[in-house]
Amino acid sequence: MAIAYLNGTWQAIEDAKIPILDRGFMFGDGVYEVIPVYDGKAFLLAEHIQRLSLSLAEIKIINPMDDAQWAELVLRAVEKSMETNAIVYIQVTRGVATKREHVWPEGISPTILITVTAAPGLARVYADTTVKPYTMITMEDFRWQRGHIKTTSLLAAGLIKNAATAQGVDDAILIRAGLVTESSSSNVFIVINGVFVTPPKSCLILHGITRDLVLMLAHKSDIAVEERDIEEAELYAASEVMVTSSGRELWPVGFINERAVGDGMCGPVWKMLDASFQVYKEAQ
Ligand code: PMP
């Protein structure tokens, strides 16, 4: 059952309301987290709570709770929802102002929203044969230069994703000054000359929790890994391209700008890492 926690009150999602002067509504002045729940367990919860703290600090909202309190609240939300495979959203905005102005008002409390909704598709199992590689285009990365902050201001991501779907593809790989940054809601990896490569952490990309896990799994499998800049041309020279996110785990990319990546199918490195991912997930 979908459930919402809004500023201390548990309610049905469709009943949860915020005032129009909430700065999240007025300015997109807030940050968020997305946490997958597998078999009733919130996956990598501590990592998500830590990134939430970093995002809050970056936009100078005083964290309303400590890590243990956040964890307890998320676990309570999952329990109340009674869902086994679900997605938890945490959204924290600067709070409700008394008038619309850019300067941050003093003395207001952040708005805290947690929702849990069912996501039966998350329960993917080892050697899933239904994974269909994404088709992608490349697009200029016109987003702001604070990509490491997980802001609720997702206008640019929406523009990119909708431009991609209007062209009949799944998403876009973003290019800034000739280099790959990430996709509209995922991090990007390529396999080139047998090396598994992803752009380094910077303020131009979100520091994905799934990215970190997949890098750790690659190291453990003795796959050569490099965190370095990726030129756009390398996307076409790569034998495999894949993306990571909390919602899609590790997902292969089969076509970029209508050119096949490898043979356009799920590649061997993806298969190996996806298998390790599923094993890691089940062991949690
Ligand atoms: N980059 C962007 C822009 C994202 O929005 C996301 C999450 N949806 C990611 C990368 C992946 O991050 P994570 O693995 O923590 O979900």
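How many residues of the shell around the ligand are nonpolar, how many polar and how many charged? I looked this up in what is a predicted model, and I noted that the shell divides into two nonpolar, ten polar and four charged residues.

**Entry: the shell.** I then asked which residues come nearest, and of the 16 residues around the ligand I listed Arg51, Glu182, Ile209, Thr210 and Ser246. Turning to the elements that carry the shell, I found that β9 (179–183), α5 (209–220) and β13 (240–245) each supply at least two of its residues.

Entry: For isoleucine 209 I noted a backbone N or O atom that lies 2.8 Å from an oxygen atom of the ligand. For threonine 210 I looked at the side chain, where an N or O atom is 2.5 Å from an oxygen atom of the ligand. For serine 246 I recorded a polar side-chain atom at 2.7 Å from an oxygen atom of the ligand. I also checked the cover: the ligand taken alone exposes 390 Å², and the protein buries 91% of that.

**Entry: the site.** I asked which pocket the ligand takes up, and I found that its space is the largest pocket.

**Entry: the chain as a whole.** I counted seven helices and 15 strands in the chain, and I noted that its C-alpha atoms fill a box of roughly 55 × 40 × 30 Å along the principal axes. I compared the radius of gyration with the expectation for a compact globule: for 284 residues this would be near 19 Å, and the chain has 19 Å, so the two agree.

Terms used
Residues numbered from 1 in each chain as written. Predicted model: local features only at pLDDT ≥ 70, side-chain atom pairs only at ≥ 80, totals over all residues. Heavy atoms only, no water. Near = heavy atom within 4 Å. Polar contact = N/O pair within 3.5 Å; in protein donor to acceptor, adjacent residues only side chain to side chain. Areas by Shrake-Rupley, 256 points an atom, 1.4 Å probe, with all protein chains shown as cover. 1 Å grid on protein atoms, 1.4 Å probe; cavity = no way out; pocket = protein on both sides within 12 Å on 5 of 7 lines; lining within 4 Å. Sits in = over half its atoms within 2 Å of the grid points. Helix = DSSP H or I, 4+ residues; strand = E, 2+ residues; numbered from the N terminus. Nonpolar A, V, L, I, M, F, W, Y, C, P; charged D, E, K, R; others polar. Rg over C-alpha atoms; globule rule 2.2 N^0.38 Å.
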